[in-house]
Amino acid sequence: MVERVDVAVVGGGIAGLSAAYELVKQGRSVHLLESTGRTGGVILTERFDGWTVDAGPDSLLVQKPAAIGLCRELGLGDRLHPTRTPRTSFVLRGGRLHPLVEGSFLGFPLSATALARSSLFSWPGKIRMGLEPFVPKRTDDTEESIGAFVRRRFGSEAADYLADPLLAGIHAGDVNRLSARALFPRLVAAEAKSGSVLKAFRQLRTAPSGDGAFMSLPGGTGELAEAVAASLPPGTIRLNASIRALRREGDFILETTDGNVLHAGAVILAVPAYVAATLLAGVAPEVSSLCGEVRYASTATVALGYTRDQVRHPLNGTGFVVPKIEGSPLLAGTWVSAKWPHRAPDGHVLMRAFFGGGRDPRRLEQSDAELTSLAHTEMAALTGITGDPIFSRLYRWTNRSPQFDVGHLARVEAIERALARVPGLLLAGSGFRAIGIPDCIADGRAMGARAAA
Ligand SMILES: Cc1cc2nc3c(=O)[nH]c(=O)nc-3n(C[C@H](O)[C@H](O)[C@H](O)COP(=O)(O)OP(=O)(O)OC[C@H]3O[C@@H](n4cnc5c(N)ncnc54)[C@H](O)[C@@H]3O)c2cc1C
């Protein structure tokens, strides 16, 4: 079958969905081609027997307004809710969970008193962190890894116990490879502007929002992806439509693996960068080879359900992160039902454990049964669980976490320059400019608007 549309969007994750949403809003004909049997990409929420389990992302960052804004546009504004209190996150050190200092920025304590009281750091570590305002400003403008930046400004304890588990951890990455400027531009800008991160953030300090930094929906983040998909006109989304070839003969011509052909005036690729690399080999070889350089990491999420009386720990926070130096197989754990309302039946507890990432890729060679059992054993040791979980689910996210390594920003700039020579071809989503759901939505919509224009 041969069809023609104004714009073909390839990839039905949140970036592709947002691009299609914007194109429809602007009155364009669009097909969204998704290789699997569902849209959402790494956004996947399962709901069963009173449990609501986010298999991938669970939080929408409020500071970047695109996700909250889209929820409101879709009529989900009244369903948005903040995290439960207390919102404390913990860090594993010496087999114990230590709270992150209240009122910290990205984990860095802004108040000397709060730092002095912290049980997470040793006294030499605290003194070194407190001396950050006296560390001379870097004059060299080359890109640094998150690890190098934090070690230089705050010392090695902050690099080991904050930068590694927290800053690199949320990107499932290796702290010594991920780019500080690509992932935490505010940190780098703070040093450049004020000569000190602590000084800059102390000056900036605004009253913390009563609602905290994150929001979600009662049906999990899946509710947002499902609502975007449901808002598109019937026939827009083509599931099980894996694109195997892309060429250009005036129009772009896309062929699916089942032999369908689609002609489109413009194409937005909202797929992982390595998929874009394959699809663009003929149409845009330079873009293709740059896309092929973007590294990806894999993770696994294990969800575990218990009755409340099986768990001794007060679960007085949102969960914990695990520094590599601690030698635990876990990357992090979330106390989901303490973090969010509506996730577990009354009197029950939902937890998630994370494995793998850029720092422990070989962990994922273990079988599903081994990882599930390991998740339970580790959570049991840290939170005093007796008995077996009521249910467990394991989700593997193989090559789904792009790694914005040192050099990524220059690569994306080179991609933009090369793309400018192929009018009508656009890239969107997490492999390129976007970090997390709000950025993917903003990027998808911006590319949708550009393609419409
Ligand atoms: C475990 C985990 C936890 C996370 N937690 C958070 C969080 O709490 N908050 C947050 O903001 N972000 C979080 N993120 C990041 C965020 O989820 C992603 O940045 C975002 O969802 C990526 O969306 P995307 O559309 O760019 O890519 P994807 O979701 O990867 O979508 C790409 C789509 O392309 C499809 N595709 C691939 N090849 C083809 C082909 N040849 N033809 C057609 N379709 C194809 C895929 O099937 C997929 O549906 C998390 C990520 C992971 C993995």
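Me: What do the buried residues of α1 pack against?
Reply: This is a predicted model, to start with. In it, the buried residues of α1 pack against β1 (2–10), β2 (30–33), α2 (66–73), α10 (222–231), β15 (261–269) and α16 (436–452).

Me: How many of the residues in α1 are buried?
Reply: Of its 12 residues, 10 are buried, so the helix is mostly covered. Ile-14, Leu-17, Tyr-21 and Leu-23 are among them.

Me: Which residue just after α1 takes a positive phi?
Reply: Gly-27, at about 80°.

Me: You listed α16 as a partner. What do its own buried residues pack against?
Reply: β1, α1, β5 (60–61), α2, β15 and β21 (425–427). The buried residues of α16 include Ile-437, Cys-440, Asp-443, Arg-445 and Met-447. The helix has 17 residues and reaches 24 Å, close to the 24 Å expected.

Me: Switching to the ligand. Which residues come nearest?
Reply: Gly-13, Gly-41, Pro-57, Gly-429 and Gly-436, out of 35 residues around the ligand. Elements giving two or more residues to that shell are α1, β16 (295–307), β20 (391–403) and α16.

Me: What's the shell like by class?
Reply: It has 16 nonpolar, 16 polar and 3 charged residues.

Me: Why does the ligand lie between domain 1 and domain 2?
Reply: Because both domains give residues to the shell around the ligand.

Me: How is the chain divided into domains?
Reply: There are three entries. Domain 1 is 2–43 + 219–294 + 404–452. Domain 2 is 45–62 + 80–85 + 297–402. Domain 3 is 104–135 + 145–204.

Me: How many Å apart are the C-alpha centres of domain 1 and domain 3?
Reply: They lie 35 Å apart. The contact takes 6 residues from domain 1 and 7 residues from domain 3. On the domain 1 side, the residues are 4 nonpolar, 1 polar and 1 charged.

Me: OK, packing. Which residues in the largest nonpolar core touch the most other members?
Reply: Val-7, Ala-8, Val-9, Ile-146, Ala-163, Val-267 and Ile-268. The core has 133 residues. Its largest share, 8 residues, comes from helix α6 (residues 156–168).

Me: Take Val-267. What does it touch?
Reply: Ala-8, Val-10, Leu-246, Phe-252, Leu-254, Gly-424 and Leu-425. That leaves out residues up to four places away in sequence.

Me: Is Asp-49 buried or exposed?
Reply: Asp-49 is exposed, because 10 other C-beta atoms lie within 10 Å.

Me: What about His-342, where is its place?
Reply: In the loop between α13 (336–339) and β19 (348–356). With 14 other C-beta atoms within 10 Å, His-342 is partly exposed.

Me: Now loops. Where does Gly-384 lie?
Reply: In the loop between α14 (368–383) and β20. Gly-384 counts as exposed because it has 12 C-beta neighbours inside 10 Å.

Me: What is Gly-384 in contact with?
Reply: Val-311, Arg-312 and His-313, leaving aside neighbours within four places in sequence. Gly-384 and Gly-56 are 25 Å apart in space, C-alpha to C-alpha, and 328 residues apart in sequence.

Me: Last one, Thr-257. What does it touch?
Reply: Ser-242 and Arg-244, not counting residues up to four places away in sequence. Thr-257 sits in the loop between β14 (251–256) and β15. It is exposed, with 12 other C-beta atoms within 10 Å. Thr-257 and Ser-35 are 222 residues apart in sequence and 9.2 Å apart in space, C-alpha to C-alpha.

Key
Residues numbered from 1 in each chain as written. Predicted model: local features only at pLDDT ≥ 70, side-chain atom pairs only at ≥ 80, totals over all residues. Buried ≥ 20, exposed ≤ 12 C-beta atoms within 10 Å, placed from the backbone. Helix = DSSP H or I, 4+ residues; strand = E, 2+ residues; numbered from the N terminus. Contact = placed C-beta atoms within 7 Å. Domains from an automatic or database assignment. Nonpolar A, V, L, I, M, F, W, Y, C, P; charged D, E, K, R; others polar. Core = buried A, V, L, I, M, F, W, Y, C linked by C-beta atoms within 7 Å. Near = placed C-beta within 6 Å. Expected span 1.5 Å × (residues − 1).
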